[in-house]
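Please look over the sequence and the model below. Keep both at hand while you read.

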Amino acid sequence: MTIDIENLDTETAEALVSPSLLDGELQKRLECKLVDLMASGLSGFEHGCDDLADRLPAWVSEFYALYPSRVVRDNSGGSGFNDSLWLFVLARLFDPEIIVESGVHKGHSSWIFRQACPNVRLFCFDITLKKLIHLDENAEYFEKDWMEEDLNDLLENYDKALIFFDDHINHARRIREAKARGFRWALFDDNLPAEAIYATGGPPLPTLAMMMDPSLQPGCELAWTRKGKAYKYRYKAEDVQGAIEVIETYTMLPDLAQVNHYSLGSGLSVVKLKR
């Protein structure tokens, strides 16, 4: 069906399935620009993929084809299109045997990981699974914090494991926990700098971006307003103790909205932990 833009009413516009697709060469141009931006973001850390330049364009095109078939149509409060694209590409890039999710929400990110890595062992943790819409029949679900489960009985090779934190819990704490359990690679959502912590409810303070910000000194107080409510947080040295020291590399991935102008991402970041 082709819609005449001059006769497009509001009801029809809202009914259109996102993401929007361009026609022919325009879509290729868009994907090429996304590939260039993503490649620049991935150049800063070791990922073991020597032919990334050849694979990345195909991954981006594949994701565009897959996304309209997603199970969770409305993932408000979770990963949008751009963060979903990053998760898909990162899963393909690392090709893990195991993915642990801390924060499942509606199950959309689990679906993304399964599309990227059909044979991956998927362990999904959330303190409540009441919002779950998509249930992966091959995943294992735990209605608890991920530290409440003895993973040594589940995981054998932490070098082939990837963990994704999207749970609004103190990033420094999660880094210490992942390091203690032997993970090398961790993904963090909602990694907002101090000047943007108002952008999400219940920010994981301190975020990675805050930990890496030399202008933030212990004792400084941050204050912001969100949806009419006032919040305060005092940045303390003990909050980050033992976390920065175990980070080998830290990469905040570029926001793809600067290319496709979809909703802004949430500072998705990659951390490689020291052995």
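Predicted model: local features only at pLDDT ≥ 70, side-chain atom pairs only at ≥ 80, totals over all residues.

Residues are numbered from 1 along each chain as its sequence is written, and side-chain values use heavy atoms, with hydrogens and water left out.

Start with helix H4, residues 81–94. Helices here are DSSP runs of H or I with at least four residues, numbered from the N terminus. The expected span is 1.5 Å times one less than the number of residues. The 14 residues of H4 should therefore span 20 Å, and its end C-alpha atoms are 20 Å apart, which agrees. Of its 14 residues, 14 are buried (under 20% relative accessible area, 1.4 Å probe, protein chains only). Just after H4, Asp95 takes a positive phi of about 45°.

The largest nonpolar core has 46 residues. Such a core is a set of buried Ala, Val, Leu, Ile, Met, Phe, Trp, Tyr and Cys residues joined through side-chain atoms within 4.5 Å. H4 gives the largest share, 10 residues. Leu42, Leu85 and Leu90 have the most contacts inside this core. A second, separate core of 36 residues includes Leu155 and Tyr233.

Now the cavities. On a 1 Å grid over the protein atoms alone, a cavity is a set of points where a 1.4 Å probe fits but cannot get out. A volume is the space filled by probe spheres set on the points.

| Cavity | Volume |
|---|---|
| Largest | about 50 Å³ |

Technical notes
Helix = DSSP H or I, 4+ residues; strand = E, 2+ residues; numbered from the N terminus. Buried < 20%, exposed > 50% of the residue type's maximum accessible area, 1.4 Å probe, protein only. 1 Å grid on protein atoms, 1.4 Å probe; cavity = no way out; pocket = protein on both sides within 12 Å on 5 of 7 lines; lining within 4 Å.
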